[in-house]
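Colleague: I would like a close look at a single part of this model. Please take me through it step by step.

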Amino acid sequence: MSALLERLRERGWRMTAQRRVVAEVLDGDHVHLTADEVHARAVARLPEISRATVYNTLGEMVTLGEVIEVSTDRRAKRYDPNAHRPHHHLVCAHCGTIRDVHPVGDLLADLPATERFGFAVSDVEVTYRGTCPNCAGA
């Protein structure tokens with residue numbers, strides 16, 4: 001069973017066939033699918049699933065805090081099931097591939113008080129941009 005599916009079941013989330021399929025599609029490391037990609041993969045498993053159901057299910061998972069909505073540029077939002085382990089993203093500027101990277105140290109502590117401007121900072125999001133090996137070799 002996928003980690004996401006297991007977390008949703010533990011929370012008592014009503015598990016319909018459509019919700020189960022969306023959760024299964026999001027299973028894995030470095031998963032950052034668009035809603036349309038989730039829909040296409042879900043249709044392959046459950047042909048009658050609608051685009052609206054996929055969008056609504058993704059929205060519910062984001063609201064529950066079980067999936068992170070990732071916007072790295074002007075491209076479509078992507079959905080990341082790695083919501084319970086702090087991480088940042090490494091993005092290829094050419095093809096848009098996204099990889100999770102796990103921070104070492106405390107980036108929040110690295111922000112000097114003089115640069116906080118009175119904010120009570122509670123979270124840090126870092127996006128590293130570059131060229132992936134596939135695009136670099138092309």
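Predicted model: local features only at pLDDT ≥ 70, side-chain atom pairs only at ≥ 80, totals over all residues.

Where is the place of His39?

Modeller: His39 sits in helix α3, which covers residues 35-45. Is His39 buried or exposed? Its relative accessibility is 13%, so His39 counts as buried, since the cut-off for buried is under 20%. Now follow its side chain. It reaches the backbone oxygen of Ile49 at 3.4 Å. His39 also touches Ser50, Arg51 and Val54, as well as Ile49, when residues up to four places away in sequence are not counted.

Stay in helix α3 and turn to Glu37. Glu37 forms a salt bridge with Arg78, and the closest N and O atoms are 3.3 Å apart. This pair links distant parts of the chain: Glu37 is in helix α3, Arg78 is in strand β3 (residues 78-80), and they are 41 residues apart. The two partners can be described one by one. Glu37 has 31% relative accessibility, so it counts as partly exposed. Arg78 has a relative accessible area of 17%, so it is buried.

Arg78 leads on to the cavity. A search of the whole structure finds one cavity of 30 Å³ or more. The volume of the largest cavity is about 40 Å³. Arg78 is part of its lining, together with Val70, Ser71, Thr72, Asp73, Arg75, Ala76 and Ile98. By type, the lining residues divide into three nonpolar, two polar and three charged.

Back to the salt bridges. Side chains of opposite charge can pair when their charged atoms come close. How many salt bridges does a search of the whole structure find? The search finds eight. One of them joins Glu66 and Arg7, with the closest N and O atoms 2.5 Å apart. Glu66 lies in the loop between α4 (51-64) and β2 (68-70), and Arg7 lies in helix α1 (residues 3-10), so the pair ties together parts that are 59 residues apart in sequence. Both Glu66 and Arg7 are buried. They also belong to a network of salt bridges that links Arg7, Arg11 and Glu66.

Another salt bridge brings together the side chains of Arg19 and Glu60, at 2.5 Å from N to O. Arg19 is in helix α2 (residues 17-25) and Glu60 is in helix α4, so this pair ties together parts that are 41 residues apart in sequence. Arg19 has 13% relative accessibility, so it counts as buried. Glu60 has 30% relative accessibility, so it counts as partly exposed.

Note on methods. Residues numbered from 1 in each chain as written. Heavy atoms only, no water. 1 Å grid on protein atoms, 1.4 Å probe; cavity = no way out; pocket = protein on both sides within 12 Å on 5 of 7 lines; lining within 4 Å. Points joined across faces, edges and corners; volume = space filled by probe spheres on them. Nonpolar A, V, L, I, M, F, W, Y, C, P; charged D, E, K, R; others polar. Helix = DSSP H or I, 4+ residues; strand = E, 2+ residues; numbered from the N terminus. Buried < 20%, exposed > 50% of the residue type's maximum accessible area, 1.4 Å probe, protein only. Polar contact = N/O pair within 3.5 Å; in protein donor to acceptor, adjacent residues only side chain to side chain. Contact = heavy atoms within 4.5 Å. Salt bridge = Lys/Arg side-chain N within 4 Å of Asp/Glu carboxyl O.
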